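Subject: Structure handover

Hello,

Here is the structure I promised to pass on. Please open it next to this email and follow along.

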Amino acid sequence: MAQAVHISILAPAAFDARMGDLASLLLACVEDGASVNFILPFTEPQALAYWEAKVRAPVQSGARIVWIAETGGRIVGTVQLDIDTPPNQPHRAEVTKLLVHPEARRQGIARRLMQTLEAHAAGLGRTLLTLDTRTGDKAEPLYSSLGFVTVGTIPRFCRDTIEERWDATTLMYKHLDAA
C-alpha cells in the first residue's frame, strides 16, 4: 500500500532547510532523462546551485511559489508557479519544473501538484497559465488531460538530457476561472 502524499506550499522560511531535498529530487529526475534544462553529467552540487541561484530569491520575494509533495517526510515531487509577470500581464503565470521522483511516479502526484497549483493561481486572480514541455515527453499527455491547449512547437529548442540531439518543445496554455 502506497504511503499518503501530502502537498503543501514550501514556506519561504523553510526553503533553505529543504534545498538539499529539492536538489536530490532534481538530480534523480535529470538522471532519469527529464528535460528540465540540465544535461548529464549532472551533480548534486549543480542541482543545489540551481535552487540557490534561480529559485531562492524569487521564493523569498514572493515572485515564485513552490509546492512540494511529501511522503514519509521525503520530498517526492515539486512544481513552481512564476507570478513575476510584467505590469500588462497581471492575469498570467508560468508553470515550471514539475518534478516527480522516478520511484514515486504513476501515483497521481504530478496531477495533484498541478491541480493544487491551478486552484491557488485562480485564487490569486491568475486566469491564464502557460508552460512548455519537451515534445513527446511523458508530461505532455498529462498537461493535455488537465485541459492545457497546445499552441505549437519550436523545433531544436533544447539539447536532450542524455543524447547529443536537439529536441522540440511544445508550448501550452490553460484558461482558469478566477476564484
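**The largest pocket**

Strand 4 is the top contributor to the lining of the largest pocket, giving 7 residues. Keep in mind that this is a predicted model.

The space in the largest pocket comes to about 1200 Å³. Its lining is made up of 46 residues. To find the centre, look for Leu98, Thr133, Asp137, Ala139 and Tyr143, the lining residues closest to it.

Which elements supply at least two residues each to this lining? Four strands do: strand 3 (74–82), strand 4 (92–100), strand 5 (128–134) and strand 6 (149–159).

Most residues other than glycine have a negative phi, and most peptide bonds are trans. Two places here are worth a look against that background.

Start with Lys97, which sits in strand 4. Lys97 is not a glycine, yet its phi is positive, at about 50 degrees.

Then go to Leu40 and Pro41. The peptide bond joining them is cis, with omega about 0 degrees. Pro41 lies in the loop between helix 1 and helix 2.

**Helix 1 against helix 2**

Two packed helices are described by the angle between their axes and the distance between the axes. How do helix 1 and helix 2 cross, and within what distance do their axes come? Helix 1 covers residues 12–31 and helix 2 covers residues 44–61. Their axes come within 9 Å and cross at roughly 145 degrees. The crossing is right-handed.

On the helix 1 side they include Phe15, Met19, Leu22 and Leu26. On the helix 2 side they include Leu48, Trp51, Val55 and Val59. By class, the contact residues divide into 13 nonpolar, 4 charged and 3 polar.

**What the record says**

An unreviewed UniProt entry places the feature "domain: N-acetyltransferase" at residues 25–177. In the model, that span is 31% helix and 35% strand.

Over to you now.

Best wishes

How values were computed
Residues numbered from 1 in each chain as written. Predicted model: local features only at pLDDT ≥ 70, side-chain atom pairs only at ≥ 80, totals over all residues. Heavy atoms only, no water. UniProt positions renumbered as here; feature names shortened; annotations may be inferred. Axes fitted to C-alpha atoms, helices over the stretch in contact; angles between N-to-C directions. Left-handed = near helix turned anticlockwise from the far one by under 90°. Contact = heavy atoms within 4.5 Å. Nonpolar A, V, L, I, M, F, W, Y, C, P; charged D, E, K, R; others polar. 1 Å grid on protein atoms, 1.4 Å probe; cavity = no way out; pocket = protein on both sides within 12 Å on 5 of 7 lines; lining within 4 Å. Points joined across faces, edges and corners; volume = space filled by probe spheres on them.
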